[in-house]
Amino acid sequence: MLVIIILSKYEKFNEDEVLKTLIKSFSKELKVNIVITSKDKVIVSSNDKYNDLELSNSIISKILKRDVISSFYPSKISLFNEIIEVSHIVCPFCVSSDVVG
């Protein structure tokens, strides 16, 4: 399963070792991949293969529309301009009714 946490105002965490350690700890305990992104790219990930990837236009548009996307069984999804088959939850963050990531 791939867990994506999307943040926009917190891009400064990109270089924060504490956040990387926290994400890797959650990932290990939950046995899932966790990805934190801004609105358009990965900031930090529990799996290094996702680091610095840009989000696909389809995911960006769903985030801006406030769509929640989930599948607890592996299904095809275009996250990073390629179609992958994973279990996933993608949920935008809103602050004061504005989508921030």
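Biologist: What makes Asp48 and Lys24 a salt bridge?

Modeller: The term asks for a side-chain nitrogen of Lys or Arg within 4 Å of a carboxyl oxygen of Asp or Glu. In this predicted model, the closest N and O atoms of Asp48 and Lys24 are 3.6 Å apart, so the pair meets the rule. The count by this rule comes to 1 salt bridge.

Biologist: Where in the chain do Asp48 and Lys24 lie?

Modeller: Asp48 sits in the loop between strand 3 and helix 2, while Lys24 belongs to helix 1, and the pair links distant parts of the chain, 24 residues apart. Helices (H or I, at least four residues) and strands (E, at least two) are DSSP runs, and they are numbered from the N terminus.

Biologist: On what basis is the model read?

Modeller: Because this is a predicted model, local features need pLDDT of at least 70 and side-chain atom pairs count only at pLDDT 80 or more, whereas totals for chains, interfaces and linings use all residues. Residues are numbered from 1 along each chain as its sequence is written, and side-chain values use heavy atoms, with hydrogens and water left out.

Biologist: Why is Asp48 called exposed?

Modeller: A residue is buried under 20% relative accessible area, exposed over 50% and partly exposed in between (1.4 Å probe, protein chains only). Asp48 has a relative accessible area of 52%, so Asp48 is exposed.

Biologist: What pattern does the protein follow along the sequence?

Modeller: The pattern reads β-α-β-β-α-β-β-β-β, with 2 helices and 7 strands in the protein. Buried residues make up 37% of the 101 residues.

Biologist: Why are Tyr50 and Phe80 called a tilted aromatic pair?

Modeller: Rings of Phe, Tyr and Trp (its six-membered ring) pair if their centres lie within 6.5 Å, and planes under 30 degrees apart count as stacked, over 60 as edge-to-face and the rest as tilted. A search of the whole structure finds 1 aromatic pair. Tyr50 and Phe80 are 5.4 Å apart, centre to centre, with 35 degrees between the planes, and the pair is therefore tilted. The pair links distant parts of the chain, 30 residues apart: Tyr50 is in the loop between strand 3 (42–45) and helix 2 (57–64), and Phe80 is in the loop between strand 4 (69–78) and strand 5 (83–91).

Biologist: Are Tyr50 and Phe80 buried or exposed?

Modeller: Tyr50 has 7% relative accessibility and so counts as buried, and Phe80, with a relative accessible area of 8%, is buried too.

Biologist: How do you know that strand 4 is joined to strand 5?

Modeller: Two strands pair if DSSP finds at least two bridges between them. Here 7 bridges join strand 4 to strand 5, so the two strands, which run antiparallel, meet that rule. Ser78 stands opposite Ile83, and Ile77 stands opposite Ile84. The two strands form a hairpin with 4 residues between them, and in the turn Asn81 has a positive phi of about 60 degrees.

Biologist: What is noted about the phi of Lys31 and of Asp52?

Modeller: Most residues other than glycine have a negative phi. Lys31 has a positive phi of about 60 degrees although it is not a glycine, and Asp52, also not a glycine, has a positive phi of about 65 degrees. Lys31 lies in the loop between helix 1 and strand 2, while Asp52 is found in the loop between strand 3 and helix 2. At 71% relative accessibility Lys31 counts as exposed, and at 56% Asp52 counts as exposed as well.

Biologist: Which residues make the nonpolar surface patch?

Modeller: Leu22, Phe26 and Leu30 make this patch of about 290 Å². Patches are made of residues with over 30% relative accessible area and no salt bridge: like charges are joined within 9 Å, and nonpolar side chains (Val, Leu, Ile, Met, Phe, Trp, Tyr) within 5 Å. Leu22, in helix 1 (residues 17–30), is partly exposed at 41%, so Leu22 passes the limit on area. Areas come from the Shrake-Rupley method with a 1.4 Å probe, and for residues only the protein chains shown count as cover.
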